[in-house]
Amino acid sequence: MPQLPDGEPVPTDGSLPATALDAMAANPFSAYLHVPFCRVRCGYCDFNTYTPGELGDAASVPNYVRAVEREIALAREVLTRGGRAMPPLTTVFVGGGTPTMLAAPMLAGLVGRLLEAFGTPGEHGRPIEITTEANPDSVTPEGLEILAQAGVSRISIGMQSAVPHVLATLDRTHDPTAVGRAVRWAKDAGLQVSLDLIYGTPGESLADWEHSLRTALEQEPDHVSAYALIVEDGTRLATQVRRGELPAPDPDDAADSYELADALLRASGLRWYEVSNWARSDTARCRHNLGYWTGGSWWGFGPGAHSHVGGVRWWNVKHPRAYADRLASGTTPAAAREILTPDEVYDETVLLGVRLADGLPIDALRPEGRGAVAALIADGLVQHEAALRDRRLVLSMRGRLLADAVVRRLVLGL
Amino acid sequence: MLQPHATPPSAIRNFCIIAHIDHGKSTLADRMLQITGIVDDRAMRAQYLDRMDIERERGITIKSQAVRMPWSVTRESGASDAYILNMIDTPGHVDFTYEVSRSLAACEGAVLLVDAAQGIEAQTLANLYLAMENDLTIIPVLNKIDLPAAQPEKYAEELAGLIGCEPEDCFRVSGKTGMGVEPLLDEIVRQVPPPVGDADAPARAMIFDSVYDTYRGVVTYVRVVDGNLNPRERIAMMSTKATHELLEIGVISPEPVPSKGLGVGEVGYLITGVKDVRQSRVGDTVTNAAKPAAQELGGYRDPKPMVFSGLYPIDGSDYPALRDALDKLKLNDAALVYEPETSAALGFGFRCGFLGLLHLEIVRERLEREFNLDLISTQPNVVYDVTMEDGKEIVVTNPSEFPGGKVADVREPVVRATILAPSEFIGAIMELCQGKRGTLRGMDYLSEERVEMRYTLPLAEIVFDFFDQLKSRTRGYASLDYEADGDQTADLVKVDILLQGEQVDAFSAIVHKDKAYAYGVAMAGKLKDLIPRQQFEVPIQAAIGARIIARENIRAIRKDVLAKCYGGDITRKRKLLEKQKEGKKRMKMVGRVEVPQEAFIAALSSDDTGAKAKK
Ligand SMILES: Nc1nc2c(ncn2[C@@H]2O[C@H](COP(=O)(O)OP(=O)(O)OP(=O)(O)O)[C@@H](O)[C@H]2O)c(=O)[nH]1
Ligand SMILES: C[S@@+](CC[C@H](N)C(=O)[O-])C[C@H]1O[C@@H](n2cnc3c(N)ncnc32)[C@H](O)[C@@H]1O
Ligand code: SF4
Ligand SMILES: [Mg+2]
């Protein structure tokens with residue numbers, strides 16, 4: 001699991017500087033809920049998640065639910081300080097771990113608790129978008145129906161691959177056919193469907209990847225996320241690669257896979273709107289994630305969840321037990337926080353904005369960044385048209401594959 | 001005990017201990033320090049006079065050390081006479097011969113030490129000849145006689161044959177157990193002539209060493225030849241005419257002990273409180289400012305640097321600190337020469353001349369340790385004299401300055417090398433020397449199974465990995481000494497390295513025509529592995545003039561983007577970017593190519609720059 005970043009201490013009551021609360025008020029607000037449970041841990045995954053065997057009774061599901069309810073109460077207190085109104089929720093995202101490890105009524109209940117606590121701006125008094133992640137083999141038609149009733153509008157299914165040997169290398173437990181079934185049930189329940197795919201798994205050929213893409217597209221999803229496999233420190237995959245049991249993913253192969261993905265997805269009517277995300281239409285884009293990428297504010301509930309409110313970022317302690325203990329004793333579960341300086345806000349704006357198809361307004365760049373644009377265009381990393389016509393910096397295909405290098409050139413002038 | 005300033009020259013004996021490397025000079029000096037009572041058993045530690053960390057870590061002496069020791073000799077009548085012995089422990093490695101020759105000039109006698117298990121080696125000969133040139137009385141001594149493998153009879157024979165004495169005249173000692181050391185001290189008193197000088201003449205003292213001390217400024221080591229020096233006097237440096245007040249004067253025994261002055265034949269130190277390091281030049285003569293001497297003492301011949309290398313601070317803002325550090329180190333290392341130079345790739349630095357690779361390595365390490373600097377040193381090279389077709393002559397100390405175009409003649413330095421080895425290795429040694437473009441000049445049998453071979457070899461061939469190869473081909477039995485011996489015309493070319501068509505000056509090298517191709521291929525290959533992939537393709541070429549002799553290609557990087565970016569990844573990603581901002585400082589641009597500092601260091605610290613130059 002990745003280490004939490006370093007930061008400064010958070011006041012025990014979790015309170016936020018008034019400036020942050022003021023800054024937040026102008027923009028849409030979101031909630032993230034982290035569900036730190038999985039049936040088994042996949043070898044590549046470093047998310048903050050635990051299997052039943054790893055967790056004792058003290059970190060049981062009921063304890064988790066109670067702790068989240070306490071954190072919701074805490075958020076109310078913190079956000080309404082000084083007579084402020086609760087910000088209405090524009091989006092909710094339930095991620096994991098495996099949210100669908102929780103029984104559907106329980107998950108629906110937590111979503112309901114969030115909706116009660118915050119005001120909501122959308123029609124029917126509901127946020128515009130409520131997403132839950134799910135593993136293909138952890139959903140049932142009944143469960144999905146219950147979630148839909150509770151307001152969930154979108155489901156992101158961890159398909160990863162359609163090729164058995166790739167799924168095996170990834171330690172995935174599901175049968176390839178589970179995905180089609182899950183998608184059908186989700187659609188029947190009226191949910192928008194997104195599929196997560198991973199490419200570059202050791203042993204995956206370009207043909208394997210093509211097969212996975214085509215299989216995913218056959219389900220006619222509204223949205224696809226395609227991620228190059230990252231060998232995260234501390235994972236079983238990292239150990240296997242270090243020992244030479246599995247070859248390290250080759251970045252050139254990953255580039256081929258990415259280009260293939262973009263071509264096939266586009267041919268099926270899905271267009272990129274972020275480096276690793278494609279949507280069938282503008283409304284099928286994930287509003288919640290777009291919030292992350294455009295400096296939006298959100299409260300992250302649950303163990304290890306990260307939050308951002310008006311220029312303050314904080315993160316909760318990781319272990320469900322420590323998380324529950326903190327809340328039970330009436331203190332914030334936040335481990336540390338950082339109050340962003342203007343320079344840091346700028347760096348984040350660039351590094352996140354560059355990844356979007358909407359791009360970055362060139363005029364929002366600092367002089368050294370503006371100075372780099374011409375060379376980026378000349379090097380074929382940035383689209384000429386958008387720069388000239390809209391004064392926006394939008395990555396070309398090559399640029400999308402080299403986005404981190406583009407950021408360095410914009411921010412560091414390298 | 002005889003006090004400084006009040007010791008008649010007749011009671012003084014000045015001698016040094018000289019030997020091949022590792023034959024036990026410093027260990028013998030230890031016993032002398034103990035037996036004469038100036039270091040007690042509690043304070044004793046092995047190689048007491050090897051004071052620098054770097055000397056202790058490597059187990060070799062780099063700096064000569066002079067120590068004043070009292071000694072009394074009992075006459076047959078039972079009466080005893082008091083003496084003062086000034087002993088100088090010297091280094092044995094060939095790179096530090098200059099250090100030895102300065103020590104010899106401060107002495108009337110030399111203890112020539114030979115390891116009784118090894119016999120005569122190349123630096124035994126070299127140091128003996130130096131001592132003879134200085135007209136010193138030579139006392140032959142076999143050391144390490146406690147070793148089971150010692151063969152004192154056999155080597156006494158060899159040694160006697162060499163210096164023209166009887167085998168019985170060779171002393172037998174053990175620096176380890178102390179056996180035979182007392183009689184040796186008596187013998188030194190008996191054989192070594194006392195110093196001669198005119199006590200009434202104006203003072204003249206020779207500076208044979210100096211060192212910069214953070215607290216006390218410049219400390220100057222002298223040997224008084226005529227007259228005397230006294231505290232609070234004004235002294236003058238004869239070459240610069242600069243005058244200073246003597247704040248402190250004293251002797252080393254073996255720590256500095258202030259004294260009432262120094263008289264004829266005595267060895268000691270002076271402190272003037274001067275911080276300007278250039279005021280105290282090794283080889284200069286110190287005199288009394290009020291009553292100056294008319295004539296300087298003959299100074300030292302400045303040593304000629306054998307190899308050159310560029311030294312650059314990794315952090316460019318350390319350049320002034322590097323200059324200051326070199327000035328201070330130079331005081332204590334008269335053989336070091338340097339002048340500023342700039343490299344397109346490495347920025348501002350100094351082209352430094354050294355006596356050999358070990359010297360280079362020691363200087364670099366001392367600069368890094370004692371002055372807290374991080375340095376890159378470029379590929380070492382020798383000096384070339386280039387004559388152009390129009391008659392113009394150019395001295396090339398930096399390969400990137402090697403002229404292109406109409407070169408009439410290139411001359412490279414050569415050395416006269418002496419190799420001593422068991423005769424069974426003659427064939428192997430000849431083969432090696434031939435491969436290094438050597439010419440055999442002569443061969444003598446020192447004994448039935450020991451041979452001395454004399455070669456002329458290009459310095460550039462000997463200075464890098466020659467010694468390692470010699471050792472490995474002779475199972476460690478051969479020893480090598482060499483000295484400069486003019487130059488010769490050679491078929492040399494400059495190999496340049498180009499990144500994306502742009503020449504990287506720090507990687508240029510001058511190599512023999514037959515080896516140019518191998519060098520080019522090796523360097524291009526190495527850089528290909530060291531330079532990270534860029535957003536564009538980077539061709540690496542090795543070229544002689546316009547002719548490309550080797551090429552490699554660093555393919556453009558196609559993917560440099562982290563796939564996922566969840567809310568929790570943002571802080572991590574930003575911090576990574578901040579770290580890269582820092583890393584940018586350590587990035588050198590060659591044209592558009594980013595070359596990390598580490599790549600330069602790794603490429604330049606090639607295996608054959610003699611990182612293991614010890615011995
Ligand atoms: N057995 C034995 N070993 C000795 C004796 N003298 C020196 N040694 C060992 O020989 C090695 C070299 O001794 P040093 O005194 O450092 O030799 P050196 O001549 O000063 O060496 P450099 O200063 O590097 O030229 C050390 O390991 C000593 O312990 C001796 O009399 N007997
Ligand atoms: C929070 S995770 C898991 C959601 C759900 N538990 C599942 O695995 O299906 C969301 C997505 O991140 C992606 N992911 C996780 N670890 C990854 C890694 N090491 N490299 C690339 N993508 C990864 C996977 O596509 C996964 O579906
Ligand atoms: S199921 Fe998802 S969250 Fe759980 S371990 Fe696997 S990838 Fe990670
Ligand atoms: Mg020594």
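**Exercise 1.** Determine which residues come nearest to ligand 1, and describe the shell around ligand 1 by class.

*Solution.* Step 1: of the 21 residues around ligand 1, the nearest are Gly24(B), Ser26(B), Ile60(B), Thr61(B) and Gly92(B); a residue is near a molecule if its C-beta atom, placed from the backbone, lies within 6 Å of it. The structure is a predicted model, in which local features need pLDDT of at least 70 and side-chain atom pairs count only at pLDDT 80 or more, while totals for chains, interfaces and linings use all residues. Residues are numbered from 1 along each chain as its sequence is written, and chains are lettered from A and ligands numbered from 1 in the order in which they are written.

Step 1: helix α1 (residues 25–35) of chain B supplies the largest share of this shell, three residues. Helices (H or I, at least four residues) and strands (E, at least two) are DSSP runs, numbered from the N terminus.

Step 2: the shell around ligand 1 divides into five nonpolar, 11 polar and five charged residues. Here Ala, Val, Leu, Ile, Met, Phe, Trp, Tyr, Cys and Pro count as nonpolar, Asp, Glu, Lys and Arg as charged, and the others, Gly among them, as polar.

**Exercise 2.** State where ligand 2 lies and which elements give two or more residues to its shell.

*Solution.* Step 1: ligand 2 lies between chains A and B. Step 2: the shell around ligand 2 receives two or more residues from each of β2 (89–96), β4 (154–160) and β5 (192–199) of chain A. Step 3: 19 residues surround ligand 2, and the closest are Tyr44(A), Gly158(A), Asp196(A), Tyr227(A) and Ile230(A). Step 4: by class, eight are nonpolar, seven polar and four charged.

**Exercise 3.** Describe the side of chain A that touches chain B.

*Solution.* Step 1: 37 residues of chain A and 23 residues of chain B take part in the contact; two residues are in contact if their C-beta atoms, placed from the backbone, lie within 7 Å. Step 2: α16(A) gives the largest share of the side of chain A, seven residues. Step 3: this side has 22 nonpolar, four polar and 11 charged residues.

**Exercise 4.** Identify the residues that touch the most other members of the largest nonpolar core.

*Solution.* Step 1: a nonpolar core is a set of buried Ala, Val, Leu, Ile, Met, Phe, Trp, Tyr and Cys residues joined through C-beta atoms within 7 Å; buried requires 20 or more other C-beta atoms within 10 Å of a residue's own, exposed 12 or fewer, and partly exposed lies in between. Step 2: among the 175 residues of the largest core, Ala110(B), Leu112(B), Leu142(B), Leu229(B) and Ile419(B) touch the most other members. Step 3: strand β21 (residues 407–422) of chain B gives the most to this core, with seven residues.

**Exercise 5.** Why is one side of each of β16 and β18 of chain B left without a neighbour in the sheet?

*Solution.* Step 1: the open sheet of four strands has the order β16-β17-β15-β18 (chain B), with antiparallel pairing; two strands pair if DSSP finds at least two bridges between them. Step 2: β16 (337–343) and β18 (375–377) of chain B stand at the edges with a single partner strand each, so one side of each has no neighbour in the sheet. Step 3: β15 (residues 307–313) of chain B pairs with β18(B) over three bridges, and Leu375(B) in β18(B) is the bridge partner of Pro313(B).
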